[in-house]
Every structure is written in structure tokens, then in C-alpha cells.
Amino acid sequence: MADMGFRNVIASMDPLATSRKIPLLNATAIGESPDTQDDHLIIPDHLFSSRARISSHDQYLEMYNRSIDDPSGFWSDIAASEFFWKQKWDQKVYSENLDVRKGEIKIEWFKGGITNICYNCLDRNIEAGLGEKVALYWEGNEPGFDSSLTYTHLLNKVCQVILASFLKANGVRKGDAVVIYMPMLMELPIAMLACARIGAIHSVVFGGFSSESLAQRIIDCKPKIVITCNAVKRGSKVIHLKDIVDVALTDSAQNGVSVATCLTYENESALKRESTKWKEGRDIWWQDAVSTYPTTCTVEWVDAEDPLFLLYTSGSTGKPKGVLHTTGGYMVYTATTFKYAFDYKLTDVYWCTADCGWITGHSYVTYGPLLNGASVVVFEGAPNYPDPGRCWDIVDKYKVTIFYTAPTLVRSLMREGNEHVTRYSRKSLRVLGSVGEPINPSAWRWFFDVVGESRCPISDTWWQTETGGFMITPLPGAWPQKPGSATFPFFGVQPILVDEKGNELKGECSGYLCLKSSWPSAFRTLYNDQERYETTYFKPFPGYYFTGDGCTRDKDGYYWLTGRVDDVINVSGHRIGTAEVESALVSHPQCAEAAVVGIEHEVKGQGIYAFVTLVDGVSYSEELRKSLILTVRNQLDELGDTSTLADPDVVHHLISLADR
């Protein structure tokens, strides 16, 4: 595939891809830097492309254009053909208002359609003949501790725990909230599916959060039950989760929210039950309660717009934001994105290293994979325990074909050296994935060249807790990749770059990333705070969903995420994104990780302070410090043509400040 020919195709695909240059108003986090802009094309392997679900850019364009021109037809065809509905949705597939000037923000998809996401994850796959297929492979913290559940066994566990039966017996009904505070045991997705089966709203809280953070979430959503685990061993450290829950429940009770039941799983590899603190009348052992219930449970059929889960994300005001996702649109979109963004086949074994306490664990550990009948690896432990080769040991053990992780882990493992990777086969791998933050090109290339042996395409995904599923992502085999670029929008997604006044920018440019029109898995509101929902996401640029991220679109139409626009340091009135400085630092061959913050400066207002983690075996020295500063200076100095900047001198000003 010729480079120039491909550029012409992309230009014809993207109505925004023109040659006109648009000036930036100032140098901000929406700018670009060399380590986030690598124009070298990685051409997909011809054999891989020929077998891929989306095998060419022409096929992608045909589907993408239809998804934009006829979203109702595009998504209703997928929803009707690939999912079970007890009752079809109303005649109108979706309705939306994204403009605060026209009234309340409202998004609905498949309203009137009656379904159940747990039924579609489990019962539907069993009825299709996948009952004896492994749904979950569980790998414990300690090597050698493992287990698995087939789709049939998983359904039985879900019904017992109910959980669906238990929850029902303890007064949990459709629309009630259940807080889940657990480590990555199989019981975590089991609890999520159990809630979904009876129409309860689950709110999973990451097991690393403090008692104060947990209490905040309990007070906000007022759950009927809290589900937890007595303890977990992560690496060599034991974390007493039940003790944290006890403090949180005391705090919430003092704030007027009392929880009657705390269902606790005994994780005996970390802590025996006799050593667990206990409150009689409130605390119940999971193993004792669940075993008394049958392995069948009726399904609570719900409307597509009924709530599925709450997931709290941090907010700038200190109070966490309860992101609310509903059932039908989320189900259709997460399943579809998983299927195409990972080129999923029924023979694949999939492993995402994310915790279910984050949106990635909801969409791409639990729901997306299981809706597709996938075999999913669930890992309890730390990726570098007992040594930095643990990930690749697990890959070889389960013959993992799709591996999805975060750039932070990639850089951490990169720091440890190639020998921890290359001593394992990894021959089963065929697709890699990145999530959570923009991946810098040097880490992308290590991931591609070393882990994937230059044969596995990387799905470098961009999305958010609020979006529910992938927004911009490569489709493996469909087009060439550029290291560090999320490439192009998924079906139905219309990314728009705007300037500070909300003017839409065309062609090669940098701006604030917004989304035009809704998509099925968009979050519907912030729990009990519609005003904050509208103010945060829709008032900044009326008519659009504002992502809060900066983005660059290059001359070929590729999208490059540059980080949060509020992660900006204001130096002498000039704004510079922390992601830009961090990316420059990690391009240094002796720097593995970097975190940049602003510090108060009596003259400049703010100065730049960097924390760096060096490559294993490298010692800190004054010479190295100067070398890192010089790298930042050179990277900023090599931004290239700055004539399109409203104030081109800002770059030189920032360079002059780099070593002060």
C-alpha cells in the first residue's frame, strides 16, 4: 500500500482533512511535540489483513459513512441481529439534545426495548452452544493458584449469588444500588452480572481506594448491600479490605446512610475468617450464604434506558462524579467495539490487565468480552510479581491472543529490560492494546517490536469513563498505524476539534476535542446532579460533548491525543501541557517514566517540576539531570513550523525557562 495513495484515501474519508492550516490561539496542552508525533507508517501484515473482520480502509469507510449518514439503521441492524430483546424498541432508535441552549441535555437509545445484559452475556451464549467454553480463567496472586469457569458454571454462580437469589432475599430490587468493593477475584464480575440480572444498579469501587473515598460513594448512592472481601494479597502485601469497609460503613452511618448487610467473601489465601473483624447481624460470609441458594434465577427484564451501573470518577471540586450508564445502548456499543477493535474471533483468549473498579474493567473485562462469548483472563496479582516476567508467563500459560494494558505498565516493564520478555514464547499473541492515556511513541515501539515481535498490531484506544466504549481506535489490519496515534474514529463517532471560542477547525490543526452527536454507550447523566452534568460536559461548547482533552489532527487525518487540557502549567502567562513535557522526558533513553507538575513561582506564577523514574541500572547524576533538561529543550525547540501560532515567540520563551 503506497503512502501517498493511503493519504489520499484518508483525505477522502475525513471531511475535516483538508490542507488548510488553522492558527492556535496560544501554546497549550492542545499543542504537539515530536515524541507524540511519529509519522512513520507501520503497514499491516497482508495475511493478517486478509483474515481481519475489517480488512481494508475501504471496508471501514463504507461502514463508517453509513454509521454517520444513517445511525438509526446502522445501530438497529446490529442490535436486532446480535442481541436478544424480549421486546423491540420504539420506532425511534435514538433521540438526543446536546445543546444546552435548546433545553435539558438528553440522550436515549433503543428506548422501549426490553432486554437484560446478563442474559445476553450468559444465557444467550449457552443457548448458542458455548456452555462448555471457558468464560473466565482466574490467575491468582501466587503462581500456581488458578481456576476457571465455563459459561454454564458462571451462570450457575451468578444465579446463586444472586447472588441473584441472595440479593433478592435481602430486599434488593430493580433500581436499587449495590456497592462492590472487591479485588480481582472471579467473584467480582460474578457480583456485577448478578446485579444486572435482577435489574439492580452496581457501583464498583476500586479496591485500592481509602475508607473515606468508599464512604463518599456509599453516602451518594445509598446502597442496600455492600459486597466485599476480607483481604487480598497483592504481590507480597496483604490489604485488609474488610477493615476499610468497616470504617467506611461507620462513617456513612454517621452521615445518615446505614447499610444493613455486608456480604463478605473469604479469600483464605490472604486471610482466614477467624482473623477477620466481624459485626454480627450485619456481616455475612459469601460462602455460607450463597451455597444455600439454587443455581437458577429468573431474569428481570429491563428497559434499554434503565440504569445498569454507577461508576464514580474524580472531579476537580473534590466530590466524586457518579457517571450513570444505562443498559441497551451500552450493551450494543461495548460488544461491537470489542468485536472490531480487537478483531475478536471465537478462538481468541483475551486478557485485559485492568481492574473492574475502572471503566475498562466494566466494558472490556466483563461486558464487552462476555457479550461476544470470549474466554477472559482475570488476574488477581501484580504484573511484576514475583518478577517482571509474570505477564508473559501468564500469556504463555493461557495462550493469550489479545493483550490489552496501560502505557504505564508498558513503560514499567520496558524499564526492567527485554530479557524478562524474550525468555517467554508469546507466540500466541496476535493483537496488542493500549488504554488509559496517550502512549508515547518510544513505548509504543517497544510494545510493538519487543512484546509483539513486530507482528501484532496495537489497538491504541482513546475513550473515557463517560463514553462507555472506544471513541477513536485503530482497527487491526485495516490501515497503517503511526506510533502514538489513536488513528481514526470508531463507527458512529464524530470527533470535532474546536478553538477556545468554539469555532470548528478543519484539516491539519490542534484544538479542544469534542464529539458531535451521541453514540449508544454515552453516559446519560451524573447521578443526582444533572446541573453538573450539563455544566461540565455541554456548556463549554454548546451543541457538542466536550471531552476535556486536547487533540491534534495531522495532515493525513490521524488523531493524536495530547492529554487533559486542565493538566496545564501556566508559566509567565503561557500555558504548556504537562503531557508535552512528560513525553519529551520519556523520549530520553535513560528515562522510563516521568510525571510533571506545576509549582508556585514568585516571579513566573508557576514553574515546572518533574519527577522521573530512571531505566533499571541507571544512577542519578547532575550530568543526567542536565541531559534531561536538554532533551526537553530540544524537543520543544523542534516543534517545527511555528508560523501558525498566534504568538510564535511563546515556544522560545518556554525553552528559555526549561532549565530555570
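Me: Before we look at the sheet, when do two strands count as paired?

Reply: Two strands pair if DSSP finds at least two bridges between them. Keep in mind that this is a predicted model.

Me: Okay, and what holds paired strands of a sheet together, in general?

Reply: Backbone hydrogen bonds do the pairing, in either a parallel or an antiparallel way. Here, 7 strands make up an open sheet, ordered E5-E4-E17-E16-E18-E19-E20, and the pairing is mixed.

Me: Which strands stand at the edges?

Reply: Strand E5 (146-150) and strand E20 (458-460). Each has a single partner strand, so one side of each is left without a neighbour in the sheet.

Me: Let's zoom in on E5. How many bridges join E4 to E5?

Reply: There are 5 bridges between E5 and strand E4 (residues 134-139), and the two run antiparallel. To find your place in that pair, look at Val134, which sits opposite Thr150 in E5.

Me: Now helices. At what angle do H10 and H11 pack?

Reply: About 45 degrees, with the axes of helix H10 (residues 211-221) and helix H11 (residues 241-254) 8 Å apart. That angle makes H10 oblique to H11. The crossing of H10 past H11 is right-handed.

Me: Which residues make the contact?

Reply: From H10, it's Ser211, Leu214, Ala215, Ile218 and Ile219; from H11, Ile244, Val245, Val247, Ala248, Leu249, Asp251 and Ser252. Sorted by class, the contact of H10 with H11 has 9 nonpolar, 2 polar and 1 charged residues.

Note on methods: Residues are numbered from 1 along each chain as its sequence is written. This is a predicted model: local features need pLDDT of at least 70, side-chain atom pairs count only at pLDDT 80 or more; totals for chains, interfaces and linings use all residues. Side-chain values use heavy atoms; hydrogens and water are left out. Helices (H or I, at least four residues) and strands (E, at least two) are DSSP runs, numbered from the N terminus. Axes are lines fitted to C-alpha atoms, for helices over the stretch in contact, and angles run from 0 to 180 degrees between N-to-C directions. Angles under 35 degrees count as roughly parallel, over 145 as roughly antiparallel, 65 to 115 as roughly perpendicular and the rest as oblique. A crossing is left-handed if the near helix is turned anticlockwise from the far one by less than a right angle, and right-handed if clockwise. Contact means heavy atoms within 4.5 Å. Ala, Val, Leu, Ile, Met, Phe, Trp, Tyr, Cys and Pro count as nonpolar, Asp, Glu, Lys and Arg as charged, and the others, Gly among them, as polar.
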